[in-house]
Amino acid sequence: MSNVESEPSAVRCGALVDDTRPAKVPRVDVISAREVPLGGPRAMSVRRTLPQRARTLIGAWCFADHYGPDDVSLTGGMDVPPHPHTGLQTVSWLFSGEIEHRDSLGSHALVRPGELNLMTGGYGIAHSEVSTPRATVLHGVQLWVALPGDHRNTARDFQHYAPEPVRIEGAEIRVFLGSLAGDTSPVRTFSPLLGAEITLAPHTAITLAVDADFEHGLLIDSGDVRLADTLLRPAELGYVHPGIEALTLVNESDGPARTILLGGPPFNEEIVMWWNFVGHTHEDIVRAREDWEASSDRFGAVEGYPGDRLPAPNLPNAVIRPRRNPRSH
């Protein structure tokens with residue numbers, strides 16, 4: 001998905017880690033979503049939890065949009081023209097609906113519920129996303145992963161994976177990246193990551209072993225879920241600092257609760273984010289925008305989309321300044 005804000009904020013991100021040893025009982029920071037319209041009078045809006053001033057990264061996860069359930073008959077659904085990406089991987093994960101993906105690598109695929117589409121836009125890639133006529137309700141998440149410096153200019157790539165559900169007492173888990181609950185995704189990433197959908201039965205609790213070197217974020221799609229001692233409501237994201245070996249989730253709702261668990265070791269590189277680009281410096285962003293506007297071969301062409309590509313917004317009249325994660329306490 002493109003970040004199609006007309007005036008996208010410029011973000012320079014870097015995770016800072018101090019020498020304080022985290023407590024063994026998780027301290028959960030609650031991050032509320034902000035509504036972001038995706039353009040046009042009938043277009044979808046999304047709930048964005050990353051990046052925010054309170055937190056810009058969870059591991060290498062640098063962007064999290066949560067949308068729906070969206071009635072396509074009212075909004076017109078999703079129609080994002082060809083647009084560019086650099087320095088990141090995009091993760092598309094649906095709860096309901098169907099989206100057609102085309103990219104400049106030549107990939108033509110469908111995004112369906114419970115199936116991962118992961119696209120790598122290192123040096124440069126372009127893609128389009130359009131909901132299909134079969135999609136009556138769109139509901140899901142769009143996530144970005146920042147590529148580490150050694151791989152920021154890697155070649156284009158596209159991977160598709162449909163994880164088998166892991167059923168434990170009180171929950172069903174689909175691990176689309178990394179390892180959890182005895183299951184491991186085969187999908188290639190460039191830094192250690194965790195990404196999983198966890199659905200809890202009503203009034204149940206589960207405890208999951210997690211990597212103590214990871215920081216974690218739990219995004220709530222539906223239901224009221226208690227993470228450690230903190231109650232999280234739909235569209236909220238609970239952040240847990242590194243140093244924790246197990247996470248306990250309690251569904252306090254009368255119906256099922258659906259969540260997305262993200263994780264990874266703190267990302268200690270400073271990055272610059274603007275529009276659909278991730279770079280190392282402000283100049284990286286300027287160059288990427290110029291290449292896109294010049295129809296450079298850097299991004300290639302998306303075949304089969306019936307329309308024009310998305311123009312880049314104007315850059316801010318200033319050098320992009322850092323926006324950092326808060327220090328751990």
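Which helix holds both Arg 287 and Asp 284, and how many residues apart are they? Point 4 has the reply; here are my notes in order.

1. Ground rules. This is a predicted model, so local features are taken at pLDDT of at least 70 and side-chain atom pairs at pLDDT 80 or more, while totals for chains, interfaces and linings use all residues. Residues are numbered from 1 along each chain as its sequence is written, and side-chain values use heavy atoms, with hydrogens and water left out.

2. The open sheet. Four strands run in the order S6-S11-S8-S9, with antiparallel pairing. Strands S6 (79–85) and S9 (108–111) are the edges: each has a single partner strand, so one side of each has no neighbour in the sheet. From one strand to the next, the twist averages 20°. On terms, strands (E, at least two residues) and helices (H or I, at least four) are DSSP runs numbered from the N terminus, and two strands pair if DSSP finds at least two bridges between them. The angles, from 0 to 180 degrees, are taken between N-to-C directions of axes fitted to C-alpha atoms. S6 and S11 (residues 125–131) pair in the antiparallel sense over five bridges, and Asp 79 stands opposite Val 130 in S11.

3. His 83. While you're looking at S6, check His 83, which sits in that strand. At 0% relative accessibility, His 83 is buried (buried is under 20% relative accessible area, exposed over 50%, partly exposed in between, with a 1.4 Å probe and protein chains only). Its side chain reaches the backbone oxygen of Pro 81 at 2.8 Å. The side chains of His 83 and His 85 are also joined by a polar contact of 3.5 Å. A polar contact here is a pair of N or O atoms within 3.5 Å; within protein, one must be able to donate a hydrogen and the other to accept it, and residues adjacent in sequence count only if both atoms are side-chain atoms.

4. Salt bridge inside a helix. Arg 287 and Asp 284 both lie in helix H2 (residues 282–293), three residues apart, or about one turn of the helix. Their side chains meet in a salt bridge at 3.4 Å, N to O (the criterion is a side-chain nitrogen of Lys or Arg within 4 Å of a carboxyl oxygen of Asp or Glu). Arg 287 is partly exposed at 43%, and Asp 284 is partly exposed at 26%.

5. Other salt bridges. The whole structure has 15 of them. Arg 134 and Glu 98 pair at 2.7 Å, N to O. That pair links distant parts of the chain, 36 residues apart: Arg 134 is in the loop between S11 and S12 (137–146), and Glu 98 is in the loop between S7 (88–96) and S8 (99–103). Arg 134 is exposed at 60% relative accessible area, whereas Glu 98 is buried at 7%. Asp 291 and Arg 298 meet at 2.9 Å, N to O, and both are buried. Shared partners join Glu 98, Arg 112 and Arg 134 into one network.

6. Nonpolar cores. A core here is a set of buried Ala, Val, Leu, Ile, Met, Phe, Trp, Tyr and Cys residues joined through side-chain atoms within 4.5 Å. The largest has 34 residues, and those touching the most other members include Trp 61, Val 91, Leu 116 and Phe 176. S12 gives the most to this core, with five residues. Leu 116 touches, among others, Val 91, Trp 93, Tyr 161 and Val 187, leaving out residues up to four places away in sequence (contact means heavy atoms within 4.5 Å).

7. Backbone spots to look at. Leu 50 and Pro 51 are joined by a cis peptide bond with omega about -5°; Pro 51 is in the loop between S4 (45–50) and S5. The bond from Gly 68 to Pro 69 is cis too, with omega near 0°, and Pro 69 is in strand S5. Ala 181, though not a glycine, has a positive phi of about 55°. Ala 181 is in the loop between S16 (179–180) and S17 (183–184) and is partly exposed at 33%. Ser 295 likewise has a positive phi of about 55° without being a glycine, and it is found in the segment after H2.
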